[in-house]
Amino acid sequence: MHDLVSIRDLGKKDVEAVLSEAARMEKMPPKKSGELLRGKLVSTMFFEPSTRTNMSFQAAAKRLGAKLMTFYPSVSSTAKGETLGDTIRMIDGYVDAIVLRHPYEGAARYAADLAEHPVINAGDGGNQHPTQTLLDLYTIKKLKGKISGLRVSLMGDLKHARTMRSLLYGLGMFGADVNLVSPSALRMDEEVIRETKGMFGINVSQTSDINLKGVDVLYVCRIQKERFQDKYEGEKMQKEFRVDLEALRGAPEDLAILHPLPKVEEIPPEVDSDPRAKYFEQAKNGVPVRMAVLYLASKG
Amino acid sequence: MCLCAWPCFTLPQKVDAMPLMVEKISEGTVIDHIKAGAGMKVLAILSDAYPLSKMAALIMNAHSRKFGRKDIVKIEGVFLDEKIANRISLVAPSATINMIRNSKVSGKRQVKMPDTLTGILKCPNPMCITNLERAETSFLRVNDRHLRCRHCERLFSPEELA
């Protein structure tokens, strides 16, 4: 692996290699991991706000012994109108790897085409966020011991959430059984579902009812209310698609509840202490997974 | 009927009495077997690609043994390059391109949607990086109904792209 732009660029073997490397990183003593990228420079270029992705990439690079060069768009020549292409070409000459988040879709692909050093996509608008998908798969595998054959429910705004589209692809790759739960107006694009089913031959069902019976993993994302012209409609959908303690009554004891975070109203704070809530553990897994990605990218 | 601006057919005194006549071209291209209704889109692609001084004719709803009805486009003095033929394949996948030299058909081929279309189409997604920076667009054929932008990864129908 040189660049990591899209989950679509990875085959099952590539994903397995990242998951297995992440497991190794998680167990590795800091003294040892700190030698892996010693002497290397990593630039984090975030053109959009980020908490988890930015911090965990920084933590990952530092735990590997690399030095960080943080790019700040507001105090760089970007503010003077310099193009992304020129900025990438220039920074590529200074560092050994670039971690890029940009609001435009395909920005990471474009950067990877221009840069000689590895480019890692940390989110390109509404398109891809491959390290999120990898850490989701890593978390599921770590919690359940496998992905194949698991019954996974993806719930929330499946129309707009990039996380869900990429995760469906990743789950398809490993042969999970997927149930898509969303308001009918926020269903995932039919073509995306058809393509994933066609590529991997998995079962994908769709419903608007929350039924957690027999579910192994419940992956929740928020309703993107800002996309509704009618704010009340958005609020109403959020109330219906909420995982509170009432909704969890009767759900399997070993259910794992995941969320890419930040969570707002879709999972109220009282669920955080439920042993089935695994989203903070999931966020923590971002570090070993991103360590694995940076390390594998540096090896080429 | 022909909708082009040139006097490429003769209006008879009595319309019912004479067939519609379209001039033959001696050097140029005839795009045949266009699905009825798609001829205007083919003409739009040609007018986008070639100077407006070229004489062109569009015949709509011509009789076709194969399709029942079809459109035909003729353009004088132009031989289509590969990129334009690929664009035409998006709106008229059944079209055949006939090259005319010395008033005779010198070559004939059916258009074929290629697996990759590079540098000839604009991505309709306003948030695609290709609409911000000077990145060359590239679309990958997923199936007959969809192509995927290599950058933003969105799926588009051939007609949306053409």
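**Exercise 1.** How many residues does the contact take from chain A and from chain B?

*Solution.* The model is predicted, so local features need pLDDT of at least 70 and side-chain atom pairs count only at pLDDT 80 or more, while totals for chains, interfaces and linings use all residues. Residues are numbered from 1 along each chain as its sequence is written, and chains are lettered from A, and ligands numbered from 1, in the order in which they are written.

Step 1. Two residues are in contact if their C-beta atoms, placed from the backbone, lie within 7 Å.
Step 2. Chain A gives 16 residues and chain B gives 15 residues.
Step 3. On the side of chain A that touches chain B, the elements giving two or more residues are helix H4 (84-92) and helix H5 (107-114) of chain A. Helices (H or I, at least four residues) and strands (E, at least two) are DSSP runs, numbered from the N terminus.
Step 4. H5(A) provides the largest share of that side, 3 residues.
Step 5. By class, that side of chain A has 4 nonpolar, 8 polar and 4 charged residues. Ala, Val, Leu, Ile, Met, Phe, Trp, Tyr, Cys and Pro count as nonpolar, Asp, Glu, Lys and Arg as charged, and the others, Gly among them, as polar.

**Exercise 2.** Describe how H7(A) and H8(A) cross.

*Solution.* Step 1. The axes of helix H7 (residues 162-173) and helix H8 (residues 190-200) of chain A come within 9 Å and cross at roughly 15°. Axes are lines fitted to C-alpha atoms, for helices over the stretch in contact, and angles run from 0 to 180 degrees between N-to-C directions.
Step 2. H7(A) and H8(A) are therefore roughly parallel to each other, a term for angles under 35 degrees.
Step 3. Residues of H7(A) that meet H8(A) include A:Arg165, A:Leu168 and A:Tyr169; among their partners in H8(A) are A:Val192 and A:Phe200.
Step 4. The contact of H7(A) with H8(A) has 6 nonpolar, 2 polar and 1 charged residues.

**Exercise 3.** In what order do the strands of the open sheet in chain B lie?

*Solution.* Step 1. The order of the 4 strands is E6-E7-E8-E9 (chain B), with antiparallel pairing. Two strands pair if DSSP finds at least two bridges between them.
Step 2. Strand E6 (116-118) and strand E9 (155-156) of chain B are the edge strands, each pairing on one side only.
Step 3. Strand E7 (residues 138-141) and strand E8 (residues 147-149) of chain B are joined by 3 bridges.
Step 4. Opposite B:Arg141 stands B:Leu147 in E8(B).

Technical notes:
Parallel < 35°, antiparallel > 145°, perpendicular 65-115°, else oblique.
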